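Biologist: Can you walk me through this one slowly? I'm new to reading structures.

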Amino acid sequence: MQDQYKDALELIEADHKKVKSLFKEFESLTDRSKVSKKRVADQICQELTIHAEMEEMIFYPAMRGVPGMEDLLDEALVEHSSAKDLISQLMGMDPEGELYDAKVKVLQEMIEHHVEEEEGDMFAKAKKSKVDLEALGDEMEAFKSKKMASV
């Protein structure tokens, strides 16, 4: 790949780690740091939005047809939809709003579950597939770079 990732799975995993660290940062903030909470939550939402779009447009379609992958992909799409709903709510909220922290926490739990499934079953099947994960990673990285530059 053109950057620091060997293939599509490494790129996805790096995104997962980044968001995990942002959730940890959010958890460490106090109630008095509303501006910081909003900044970190917005960054989480932005990262997740671009990541989900990248997976939905490039990674998941490339995985269709891989034996045993259909149900995992369908479930991942439903999980993405639920996360997008929460992201939309958070983006329109004030960090002092009722349930703001709770919604961030629920989003975190949803993402942790999603990551476990992706990095477990889905990655194992992807590694055994005939899909060129390096080429796929290049395409995903180019997509992500373009999206991040337009934010």
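Biologist: How many aromatic pairs are there by your rule?

Modeller: First, this is a predicted model, where local features need pLDDT of at least 70, side-chain atom pairs count only at pLDDT 80 or more, and totals for chains, interfaces and linings use all residues. Residues are numbered from 1 along each chain as its sequence is written, and side-chain values use heavy atoms, with hydrogens and water left out. Rings of Phe, Tyr and Trp (its six-membered ring) pair if their centres lie within 6.5 Å. By that rule the count is two.

Biologist: Which geometry does the pair of F26 and Y100 have?

Modeller: Planes under 30 degrees apart count as stacked, over 60 as edge-to-face and the rest as tilted. The rings of F26 and Y100 sit 6.4 Å centre to centre with 45° between the planes, so this aromatic pair is tilted.

Biologist: How many residues apart in sequence are the parts that F26 and Y100 tie together?

Modeller: Helices here are DSSP runs (H or I, at least four residues), numbered from the N terminus. F26 lies in helix 1 (residues 8-28) and Y100 in helix 4 (residues 100-128), so the parts their pair ties together are apart in sequence by 74 residues.

Biologist: Is helix 2 roughly parallel or antiparallel to helix 5?

Modeller: Axes are lines fitted to C-alpha atoms over the stretch in contact, and angles run from 0 to 180 degrees between N-to-C directions. The axes of helix 2 (residues 34-63) and helix 5 (residues 133-149) come within 10 Å and cross at roughly 150°. Angles under 35 degrees count as roughly parallel, over 145 as roughly antiparallel, 65 to 115 as roughly perpendicular and the rest as oblique. That makes helix 2, relative to helix 5, roughly antiparallel.

Biologist: And what is the angle between helix 2 and helix 3?

Modeller: Helix 3 covers residues 70-91, and its axis is 10 Å from that of helix 2. Helix 2 is roughly antiparallel to helix 3, because the two pack at an angle of about 155°.
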